[in-house]
Amino acid sequence: MVKKTIHEINDRIRDGSVNVVTAEEMVDIVGELGAEGAAREVDVVTTGTFGAMCSSGVWLNFGHSEPPIRISKLWLNDVEAYSGVAAVDAYIGATQQSQSKGMNYGGAHVIEDLVRGNSIDVHGISPGTDCYPRKVIDTTINIYDLNQAIMLNPRNSYQKYNAATNSTNHTLHTYMGTLLPHHGNVTYSGAGVLSPMYNDPNYETIGTGTRIFLGGTQGYIVGEGTQHSPAAGFGTLMLKGDLKKMSSEYIRAATFKGYGTSLYVGMGIPIPVLNEDIAKATAVTDDDIVTNVLDYGVPSRSRPALRTVTYGELRSGSIDLNGKEVPTSPLSSFKKSRQIANELKQWIRDGEFFVSMPVERLPRDTACNAMKQTNTNPLVMDIMSSEVTTIQEDASFHDAAKVIMEKQFNHLPVVDNGNHLVGIVTAWDISKAVAKEEFNLVKDIMTRKVVTASPEEAVDISAFKLDSNSVSALPVVDSNRHVVGIITSDDISKLLARRH
């Protein structure tokens, strides 16, 4: 049995005799020497990951102005920061969006601008007090003007991440990137073989106080991250580091179309090989790491898992999904992850970075619970109209016009011979057909890509679909795409009126 201590490994770092390898390299070493032989040979295994970590942000201290102000509301480059903790302290979150630029610029961009040394416009307001009489402050600062710029990320470095796909007939824009219709692609995140937490799944060396690579400098693990759920294989970390020492090489802002801003963060954890169990754990491969492919076409917290898949399959470029070969693409950068693992490896070899043991280990049996909701959330089935009229796709558009006129509604779902929804016709479609005199059948004028609702989905989801797709009605379909009702913006407006 091999046993080492942190002090022994750090002594080897000091005298230059330490043997450091990346987690990618450790796979072959354990394969050749076995876990015991690798534990004798290797002292430290380095990991790395570089991906979008939305739950990130920075604490800033501006120093006191003359006359002093207690800032109650604060904007940095027109991005609001939280300032309700002290006079001139504030927290800027990565996903907060600019009031003027919206999704094109946000807190993540402010953070990257600071790292790059760029100037930031500051606008703060206050009600004014006897000890803080100033009511408005407008100034321009850069990172060197700040007393502190402390990155404190509530949730980074997921142990693993679910993959995403989309079963609907329209494109979805999510934090998992753009998902094409009809399972047109699968996106995933995580560094696989280099994943920090998967190389120490029992958290023997990862915990409160562990020294890490963060954004190009030394940082620390504060403790478990929010939504830490190791019981399900989704452990997370809360991280801290000095933004003034970080590099734009590893701190990058990003905008996800239709979702908003996020911050790409580079981090890595050195795993001291204290025994052969740790050595064995650091030999994890992409084929050992399994995750689920979730259908993001279902707008619910409990999205269905379509299949399990390994990171080896995901990184191959395509996977089989219901007999269809579907392309896969990463949201994180394996190249950058490898770069981080190698840079951390070099720091240790050069005696610039020493490994540490946590003062407290992370919990291993906690689970992430759903939000407690005390108000009843109405479902589509509660307010939809069940008396819905449909029309066959091969009917004439004159028949459609007659139905719309007689029934006095504007939306007419179109079905095929099996009564499956295939389109929708509106009064406006009929008007255009009459004006152009070019069409004979309903299928010639109908909209084929229909946005639908399901009876069991929350009304809030239908309201979002109506708004984001600029439509005023949704056919309600069952699992066989049979029309069972229709919900309109008027139905939702009446519901909201009753709530108030």
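## Thr 46, a buried threonine

Let's start with Thr 46, which is buried, with a relative accessible area of 0%. (Buried means under 20% relative accessible area, exposed means over 50%, and partly exposed is in between, using a 1.4 Å probe and protein chains only.) This is a predicted model, where local features need pLDDT of at least 70 and side-chain atom pairs count only at pLDDT 80 or more, while totals for chains, interfaces and linings use all residues. Residues are numbered from 1 along each chain as its sequence is written, and side-chain values use heavy atoms, with hydrogens and water left out.

Thr 46 lies in strand 2 (residues 44-46). Strands (E, at least two residues) and helices (H or I, at least four) are DSSP runs, numbered from the N terminus. The side chain of Thr 46 reaches the backbone oxygen of Ala 341 at 2.8 Å. That is a polar contact: a pair of N or O atoms within 3.5 Å, where within protein one must be able to donate a hydrogen and the other to accept it, and residues adjacent in sequence count only if both atoms are side-chain atoms. Not counting residues up to four places away in sequence, Thr 46 touches a list of residues including Val 20, Val 21, Leu 194, Ile 269, Pro 270, Ala 341 and Ile 348. Contact here means heavy atoms within 4.5 Å.

## Nonpolar cores

What does the largest nonpolar core look like? It has 92 residues, and those with the most contacts inside it are Met 26, Phe 62, Leu 76 and Leu 243. A nonpolar core is a set of buried Ala, Val, Leu, Ile, Met, Phe, Trp, Tyr and Cys residues joined through side-chain atoms within 4.5 Å. Take Met 26: leaving aside its neighbours within four places in sequence, Met 26 is in contact with Val 21, Ala 38, Val 42, Val 45, Val 273, Ala 279, Thr 282 and Ala 283.

There is also a second, separate core of 14 residues, which includes Phe 397, Val 414, Val 425 and Ala 433.

## Aromatic rings

How many aromatic pairs turn up in the whole structure? A search finds 11. Rings of Phe, Tyr and Trp (its six-membered ring) pair if their centres lie within 6.5 Å; planes under 30 degrees apart count as stacked, over 60 as edge-to-face and the rest as tilted. Phe 50 and Tyr 264 make a tilted pair, 5.6 Å centre to centre with 45° between the planes. Phe 50 lies in strand 3 (residues 49-52) and Tyr 264 in strand 22 (residues 260-268), so the pair ties together parts that are 214 residues apart in sequence. Both Phe 50 and Tyr 264 are buried. Phe 213 and Tyr 250 form an edge-to-face pair, at 5.1 Å centre to centre and 85° between the planes. This pair links distant parts of the chain: Phe 213 is in strand 18 (residues 211-214) and Tyr 250 in the loop between strand 20 (237-242) and strand 21 (251-256), 37 residues apart. Phe 213 is buried at 0% relative accessible area, and Tyr 250 counts as buried at 3%.

Tyr 175, Phe 256, Tyr 259 and Tyr 296 form one aromatic cluster. Charges also sit over rings: the charged end of Lys 101 is over the ring of Tyr 105, 5.0 Å from its centre, and Arg 315 lies over the face of Phe 334, at 3.7 Å from the ring centre. The rule asks for NZ of Lys or CZ of Arg within 6 Å of the ring centre and within 35 degrees of the ring normal.

## Cysteines and Thr 95

With a disulfide taken as a pair of cysteine sulfur atoms within 2.5 Å, the count comes to 0 disulfides. For Cys 54, the nearest cysteine sulfur, that of Cys 368, is 15 Å away. Cys 54 counts as partly exposed at 26% relative accessibility, whereas Cys 131 is exposed at 54%.

Thr 95 is in contact with Cys 54 and Thr 261, leaving aside neighbours within four places in sequence. Thr 95 lies in the loop between strand 7 (89-93) and strand 8 (97-98) and counts as partly exposed at 37% relative accessibility.

Most residues other than glycine have a negative phi, and most peptide bonds are trans. A cis peptide bond joins Glu 66 and Pro 67, with omega about -5°; Pro 67 lies in the loop between strand 4 (57-61) and strand 5 (73-76).

Asn 77 has a positive phi of about 50° although it is not a glycine, and is found in the loop between strand 5 and strand 6 (79-81). Arg 481 has a positive phi too, near 65°.
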